[in-house]
Amino acid sequence: TGHAVPHLDSVTEPSSTCWRTPMKSPTWVAVLALIARAEQGIQNINPEGSDEVSFLQGRVEDRSASRPFQYFCKRQARANIYHEDCSACVGGPICCDKTRASHGPGGTVCNFGQAVSIGLCAGLAHPRACWANSKDCEAVKHHLETPAFHGTGRVFPYWSLGSPKGLYDTDSGINLAVIVLHGFHGNNGDQKACYVMEGVEAQLRKEHHRRVLILAPQFYYPTDNHTSKELTWKRGGWLQGKQSHNGFPRSLSSFSVVDELLKELTLKGTFPNLRIVRVVGFSAGGQFVQKYAAFGKAYEQITGILGSSLSIEFVVGSPNTLTYFNSRRPVLDIVEVCKQGSYCNTAMIRGTKFEFQVPANSPCNASYNNWKYGLGGNLVPYLRSVDLNASIKSFGNKKVTYLAGNLDTCNNHATALPCQKRCRGTGCDGSCEANLQGFCRHMRLHSWFQYVDGFFEGRHRHAIHDVPVGHDAYQFWTNEAARRHVIGENSHFDDFIK
């Protein structure tokens, strides 16, 4: 631009009196974007995306950390202790300042996996043990190309486990297909496939392992290490169903991509004994699955052909926010909440019967119901050909399971809450629009389920369960409470082969 760019360490943090939810003043967001472009080479910043602003603002919060950074890894899932030796690893590594390690990985000098996305550990090889979780897990990369891709000049990458040729194998032994969506900072679809496979191995007897096919769509960002033929999306755009960043003369919605993947999987006859397809996602992947479950087109197309011989189901895990169907939101009494000793007390959340009203006098009255938080504002192009009312009506008839981490209660960008305690950052959306849905992911998902229950007057196929984990993808996918809903039980597979 020709203007001087401030170095990250020279940026003055806003005073504590105004350090609230992600600030969206044009000047502040421009500073954050300039820092990311100048220091880390990120060119595709979405200055209106709350996830992105939260992330960049968190980066300034942690600006006191000095270099060099390196990866630290857990050795035991339940122990919140990280080690410099990453020869063994459970879950994703975190990126921390080596010289400040005495403060403890997870303290103010760590930015977790998000730090990787702006290059703090970009010069280091991702610890191999963390990709495979100390197991021999090698997902295979494939490319999807159907007539829907014609005119884009691109293909869509995905990973598979349980089928060497991916969608184009022929295997009569497959009974369950799990399509797992990665998270916001997601250049690691193969890692999430391995997490689910580890859950399969823990959940099922060995003879049933080969009956599960795992597919992991890969939504690359333009700055990721991808080939010129692979579709990419601007940061966070894929989880909202937006059009791809590349593709000429036309682009493709991320929802359309999953439509095509589902149709290739189910309608080609290559898996003749396939009985259940589960589309599952955690965090940003959970946001995608909730939206796609409501408005994706392939469900009706496939079930209209195959009928009851195939069940397509959805699992929504700890999303940042949900897309509401009208302008009502849960009534949140912060005084009563704080009487419980925390702004996100899980026992209080589970015991609360939420009321839903149109918010009054909110600072974000003009935007809280815009897409992705609701169905207002500028909807993504994919939805122009969707009958929204019909889709919402059929949503209640779909099998949707919500899994809420009961330790996923951190919202460290919402310091305006009077009883908010500083917590380890998890990228929780602390915007006004998000906080109208609840003060943390756990509260948002429980209030959403109550909204669904009231919206459909109890006549639906949705259910909600807590999983005893925080915001950690590995712990989530491998936890027994999640496994039974993502993978099922041995008895289900016994029935398949009778």
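Modeller: Let us begin with a term: contact means heavy atoms within 4.5 Å. This is a predicted model, where local features need pLDDT of at least 70 and side-chain atom pairs count only at pLDDT 80 or more, while totals for chains, interfaces and linings use all residues. Residues are numbered from 1 along each chain as its sequence is written, and side-chain values use heavy atoms, with hydrogens and water left out.

Colleague: Leaving aside neighbours within four places in sequence, which residues is Thr-478 in contact with?
Modeller: Thr-478 sits in helix H15, residues 473–478; helices (H or I, at least four residues) and strands (E, at least two) are DSSP runs, numbered from the N terminus. Once neighbours within four places in sequence are set aside, the contacts of Thr-478 are Tyr-195, Glu-198, Gly-199 and Arg-483.

Colleague: Is Thr-478 buried or exposed?
Modeller: Buried means under 20% relative accessible area, exposed over 50%, and partly exposed in between (1.4 Å probe, protein chains only). The relative accessible area of Thr-478 is 17%, so Thr-478 is buried.

Colleague: Which backbone oxygen does the side chain of Thr-478 reach?
Modeller: The distance from that side chain to the oxygen is 2.6 Å.

Colleague: How many disulfides does the structure hold?
Modeller: A disulfide is a covalent bond between the sulfur atoms of two cysteines. Here the cut-off is a pair of cysteine sulfur atoms within 2.5 Å. The number of disulfides in the structure is 3.

Colleague: How many residues apart in sequence are the parts that Cys-137 and Cys-194 tie together?
Modeller: These two cysteines are joined by a disulfide, S to S 1.9 Å, and the link is left-handed, with -100° about the S-S bond. Cys-137 lies in the loop between helix H4 (128–132) and strand E4 (140–144), whereas Cys-194 is in helix H5 (residues 189–203), so the parts tied together are separated in sequence by 57 residues.

Colleague: Where is Cys-440, the partner of Cys-344?
Modeller: The sulfur atoms of Cys-344 and Cys-440 are 1.7 Å apart in their disulfide, and both cysteines are buried. Cys-344 is in the loop between helix H10 (334–339) and helix H11 (346–351), 96 residues from Cys-440, which is in the loop between helix H13 (432–435) and helix H14 (441–455).

Colleague: Is Cys-432 buried or partly exposed?
Modeller: Cys-432 forms a disulfide with Cys-364, their sulfur atoms 2.0 Å apart. Cys-364 is buried at a relative accessible area of 4%. For Cys-432 the value is 22%, so Cys-432 is partly exposed.

Colleague: How do helix H8 and helix H12 pack, and at what angle?
Modeller: Axes are lines fitted to C-alpha atoms, for helices over the stretch in contact, and angles run from 0 to 180 degrees between N-to-C directions. H8 (residues 284–295) and H12 (residues 388–395) have axes 7 Å apart, at an angle of about 110°. H8 is therefore roughly perpendicular to H12, the word used for 65 to 115 degrees (under 35 is roughly parallel, over 145 roughly antiparallel, and the rest oblique).

Terms used:
A polar contact is a pair of N or O atoms within 3.5 Å; within protein, one must be able to donate a hydrogen and the other to accept it, and residues adjacent in sequence count only if both atoms are side-chain atoms.
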